[in-house]
Amino acid sequence: MTSTSSTSFPHAHSALAAHGWDEDWADAFAQYAAQGLLPGRVVRVDRGQCDVVTADGVVRADTAFVTPHDPLRVVCTGDWVAVDPEGGTPRYVRTYLPRRTAFVRSTSSKRSEGQILAANVDHAIVAVSLAAELDLARIERFLALAWESGAQPLVVLTKADLVPDPVTLAYLVQDVETAAPGVPVLSVSAEQGEGLDVLAAVVSGGTAVLLGQSGAGKSTLANALLGEDVMGVQDVRDVDGKGRHTTTTRNLLALPGGGVLIDTPGLRGVGLFDAGSGVGQVFAEIEELAEGCRFHDCAHESEPGCAVLAAIDGGELPGRRLESYRKLMRENQRIVAKTDARLRAEIRKEFKRRGALGKAAMEAKRGGLR
Ligand SMILES: Nc1nc2c(ncn2[C@@H]2O[C@H](COP(=O)(O)OP(=O)(O)OP(=O)(O)O)[C@@H](O)[C@H]2O)c(=O)[nH]1
Ligand SMILES: [Mg+2]
Ligand SMILES: [Zn+2]
């Protein structure tokens, strides 16, 4: 029988502590500890099963008991879970603890469904390769999801060794900064070890997730932070720097200097999923300016007294920012409307079903009286 004290903080095994276990998680887990279940953190998910790091080491566990229908309620990398204390392989995940943060994107533009990419993340690192031309709109999109997740975003410009001129590099960093208010922007070179100390300091506290396109250099960074080659890395093949999806699963790794890192497969695109407040944070300066518009529902198109347009005219706000803001806001509204429509349809169906049940029950009763 597992004693509950062995799973409660601060007596928890160092393997759990190294993976982010703290007093609050121990409190949230107390009810499951009382049932003799083991706490663990999901380090990888793979077709209905997952690897969970526990005080007894990594165990393989099946997720069948945990809500399989709602894609946002499936177990994902970074989750804290309760697993069976003993049994064969795989054991079972009985539940997961309420998430502190969750990085969610929409799976495709046709179906407004959310897909959860990582849970319980403190730092969302958007990795962007300096080997290709900067795409600020793409960075803004990633940042919207990052803010929405509840994590603190960070942009890491990788492969800085490919931009040998320091002045050019400084301009590139500045460009990204204008697209990322409130977000630290770092340039690093895993090749030359530059900027890695700063990044290591950021990720040494809490859990960080590496996001970005394939070939951005995420796994190379993960290896550099780990101090050993754990993640596979492959040469970028195409001339456009898009790479070829070397990493195929999301992997959670404990760092030697403290902190936890999740390396993810490259994302071709990230669709917004109910990320209205995230978009607002990415364009904080526009939302701030908008408070000075004459009309509170100003669309910043041609209205008189528009403070946003005035800022563009005055050269303080790049027109590109307003365009990008509009585009992401519109996209988000479409997704939200679609989700609402789907929810409404589901509720209607549920009412109909209940209505039918009620009618059947009434008829059965009448039949019984007859
Ligand atoms: N010059 C240079 N190349 C780098 C640097 N970091 C990574 N690369 C190269 O970029 C290519 C892709 O790196 P990966 O780390 O596999 O990229 P990834 O983001 O993990 O890619 P996916 O797993 O497909 O998402 C490899 O050829 C790396 O050697 C760097 O600092 N400088
Ligand atoms: Mg990779
Ligand atoms: Zn306006």
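A polar atom of the S189 side chain lies 2.9 Å from the backbone nitrogen of Q192. The model is predicted.

**S189 and its loop**
- S189 sits in the loop that runs between β10 and α5 (196-203).
- The relative accessibility of S189 is 1%, under the 20% limit, so S189 counts as buried.
- Beyond its neighbours within four places in sequence, S189 is in contact with A160, D161, E194 and L196.
- One of these contacts, D161, is also among the residues that come nearest to ligand 1.

**Magnesium ion (ligand 2)**
- Protein donors to the magnesium ion are the OG atom of S219 and the OG1 atom of T247, at 1.9 to 2.1 Å from the ion.
- S219 has a relative accessible area of 9% and is buried.
- T247 is also classed as buried, at 11% relative accessibility.

**Ligand 1**
- There are 23 residues around ligand 1, and those that come nearest are D161, S214, T220, T246 and T247.
- By class, this shell is made up of twelve polar, six nonpolar and five charged residues.
- T247, a donor to the magnesium ion, also places a polar side-chain atom 2.7 Å from an oxygen atom of ligand 1.
- Backbone atoms take part as well: an N or O atom of G266 lies 2.8 Å from an oxygen atom of ligand 1, and one of A216 lies 3.2 Å from an oxygen atom of ligand 1.
- The protein buries 90% of the 650 Å² that ligand 1 exposes when taken alone.

**A179**
- A179 is located in the loop between α4 (166-178) and β10 (185-187).
- The relative accessible area of A179 is 0%, so this residue is buried.
- Apart from its neighbours within four places in sequence, A179 is in contact with L136, E140, L143, V282, R320 and R321.
- P318 is 139 residues from A179 in sequence, while their C-alpha atoms are 9.6 Å apart in space.

Note on methods: Residues are numbered from 1 along each chain as its sequence is written. Chains are lettered from A and ligands numbered from 1 in the order in which they are written. This is a predicted model: local features need pLDDT of at least 70, side-chain atom pairs count only at pLDDT 80 or more; totals for chains, interfaces and linings use all residues. Side-chain values use heavy atoms; hydrogens and water are left out. Donors are N, O and S atoms within 2.8 Å of the metal (3.2 Å for Na, K and Ca); water is not among the atoms, so sites may look incomplete. Buried means under 20% relative accessible area, exposed over 50%, partly exposed in between (1.4 Å probe, protein chains only). Helices (H or I, at least four residues) and strands (E, at least two) are DSSP runs, numbered from the N terminus. Contact means heavy atoms within 4.5 Å. A residue is near a molecule or strand if one of its heavy atoms lies within 4 Å of it. A polar contact is a pair of N or O atoms within 3.5 Å; within protein, one must be able to donate a hydrogen and the other to accept it, and residues adjacent in sequence count only if both atoms are side-chain atoms. Accessible areas come from the Shrake-Rupley method with a 1.4 Å probe; for residues, only the protein chains shown count as cover. Ala, Val, Leu, Ile, Met, Phe, Trp, Tyr, Cys and Pro count as nonpolar, Asp, Glu, Lys and Arg as charged, and the others, Gly among them, as polar.
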